Amino acid sequence: MYKRATGVDSCGICKQESERGFYLLSMWICPSCERKMVELEVEDPTYAWYIERLRGSTMNSRMLSH
């Protein structure tokens with residue numbers, strides 16, 4: 001996990017501001033959402049919601065469309 005040197009950014013999943021997190025392609029992901037996604041089972045009803053959030057990034061949508 002990386003700490004951003006330039007300050008606080010908004011998580012692309014939950015929209016909460018966080019100093020800590022990482023970029024997944026072009027989307028900032030906070031530690032809380034990272035943990036939820038890692039622990040999430042495909043059968044979980046919120047799985048599709050997370051995938052849609054990840055597609056919210058232009059670069060991510062190109063990568064996830066295949």
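Predicted model: local features only at pLDDT ≥ 70, side-chain atom pairs only at ≥ 80, totals over all residues.
**Overall look.** I checked how much is tucked away: buried residues make up 26% of the 66 residues. The protein exposes about 4800 Å², and carbon and sulfur atoms supply 54% of that. Of the contacts between residues at least 6 apart in sequence, 29% join residues at least 24 apart.

**Serine 18.** I found serine 18 in strand β3, which covers residues 17-18. Is serine 18 buried or exposed? Its relative accessibility is 14%, so I count serine 18 as buried, the cut-off being under 20%. Leaving aside neighbours within four places in sequence, I see serine 18 in contact with Gly7, Val8, Asp9, Trp28, Cys30 and Pro31. A polar atom of the serine 18 side chain also lies 2.5 Å from the backbone oxygen of arginine 20.

**Cysteines.** Next I went looking for disulfides. A disulfide is a covalent bond between the sulfur atoms of two cysteines. I needed two sulfur atoms within 2.5 Å, and my count came to 0 disulfides. Cysteine 14 is in none, as its nearest cysteine sulfur, in cysteine 33, is 3.8 Å away. For cysteine 30, the closest cysteine sulfur is in cysteine 11 at 3.7 Å, so that pair is too far apart for a bond.

Methods:
Residues numbered from 1 in each chain as written. Heavy atoms only, no water. Buried < 20%, exposed > 50% of the residue type's maximum accessible area, 1.4 Å probe, protein only. Contact = heavy atoms within 4.5 Å. Areas by Shrake-Rupley, 256 points an atom, 1.4 Å probe, with all protein chains shown as cover. Helix = DSSP H or I, 4+ residues; strand = E, 2+ residues; numbered from the N terminus. Polar contact = N/O pair within 3.5 Å; in protein donor to acceptor, adjacent residues only side chain to side chain.
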